[in-house]
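Take a look at the model below. We start with a single residue, then widen the view.

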Amino acid sequence: MLRIARQGSAAWAIAACALLGSLAYPAAAQTMTPAPDSAARGALFTRTDAWIAGGTVLGAAALMTADRGITDEFRDPGPQHSGFLHGAATDFNWLGDPGTVVLSLGFYGAGRLGHRPHLAELGLRGAEAIVVSAAATGLVKGAVGRQRPSVNEGDPDDFSLGAGFGRAGHTSFPSGHATAAFALASVAATELSSWYPHSRRVLVPAVYGTAAMVALARVYSAKHWSSDVLAGAGIGTLSGLLVMRFHALHPHSGFDRVLLGARPMVTGARGIGMGWRIATH
């Protein structure tokens with residue numbers, strides 16, 4: 001019976017990976033499709049957005065019934081005693097936070113210093129998407145108040161309305177790391193598809209696959225339930241796509257102008273700092 005239970009948990013773990021892949025697929029497909037996108041038609045929202053949003057809600061709801069089994073499978077002594085898996089999880093956890101922010105700022109700085117506006121734009125758009133998705137995730141975390149798996153063995157059914165705003169152990173849903181990873185991934189996939197159109201069928205899946213590894217690392221490390229990372233993936237993907245589409249609809253704003261018309265600037269007479277100014281034209 002124990003063997004059957006383990007096989008069932010493994011099946012759910014595979015299903016979780018498949019759901020993450022199916023969520024990223026429509027975004028990746030839209031990125032790789034050479035047909036004119038919604039921005040060219042003047043639309044900010046598309047049917048793809050609705051598909052991703054619906055898939056996120058339905059997928060997260062479905063996974064909630066299997067959260068315990070999937071977490072138990074990842075917490076099995078076999079995977080947990082694997083030095084390779086432990087090291088990989090540590091690296092991908094870092095990539096989710098603060099890695100996504102470090103990469104975004106690094107791309108922006110390298111682009112500005114190296115006079116490569118496209119690279120700077122990737123970094124700035126990535127940072128925007130992370131900020132937008134983090135705001136949405138923070139609100140949901142606070143309102144839902146779901147208990148993390150690492151708190152007193154964790155209860156996936158423990159939801160306390162509003163508890164996430166004051167109790168760190170009740171900020172499980174959705175995953176902020178997964179949100180940031182998929183936000184940056186959707187921006188990077190869009191930009192890379194434009195830069196290297198002949199390689200996008202390799203680059204786009206690789207970018208989203210890396211984000212999925214961040215999500216799975218959160219489950220492996222008992223920081224989140226599987227439905228948490230699926231929800232975060234959906235929020236992050238939508239945030240990145242909407243940020244890129246917004247700027248495609250407003251090309252006159254310039255590559256270094258952010259959503260609300262603010263523009264990054266170097267400040268400080270004796271040192272280097274970063275500030276923001278609001279554009280007036």
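Is Asn93 buried or exposed? Asn93 is buried, because its relative accessible area is 14%; buried means under 20%, exposed over 50% and partly exposed in between, with a 1.4 Å probe and protein chains only. The residue sits in helix H5, residues 83-113. Helices here are DSSP runs of H or I with at least four residues, strands are runs of E with at least two, and both are numbered from the N terminus.

This is a predicted model, in which local features need pLDDT of at least 70, side-chain atom pairs count only at pLDDT 80 or more, and totals for chains, interfaces and linings use all residues. Residues are numbered from 1 along each chain as its sequence is written, and side-chain values use heavy atoms, with hydrogens and water left out.

What surrounds Asn93? Beyond its neighbours within four places in sequence, Asn93 is in contact (heavy atoms within 4.5 Å) with His177, Ala217, Arg218 and Ser221. With Ser221 there is also a side-chain polar contact of 2.9 Å. A polar contact is a pair of N or O atoms within 3.5 Å; within protein, one must be able to donate a hydrogen and the other to accept it, and residues adjacent in sequence count only if both atoms are side-chain atoms.

Now turn to helix H2, residues 47-64. Its 18 residues reach 26 Å from first C-alpha to last, close to the 26 Å expected at 1.5 Å a residue; that expected span is 1.5 Å times one less than the number of residues. Its buried residues are Thr48, Asp49, Ile52, Thr56, Gly59, Ala60 and Leu63. Seen down the axis, they fall within an arc of 105 degrees, so they line one face of H2. The arc is taken from the directions from the helix axis to the C-beta atoms. The face turned away from this buried side carries the exposed residues Arg47, Ala50, Val57 and Leu58. Thr46 caps the N-terminal end of H2, with a side-chain oxygen 3.2 Å from the backbone nitrogen of Thr48.

Next, a residue in helix H9 (226-249): Phe246. Phe246 counts as partly exposed because its relative accessibility is 23%. Phe246 and Ala43 are 203 residues apart in sequence, yet their C-alpha atoms are 9.1 Å apart.

Finally, the whole chain. The protein has nine helices and two strands. From the N terminus, the order is α-α-α-α-α-α-α-α-α-β-β. Buried residues make up 44% of the 281 residues.
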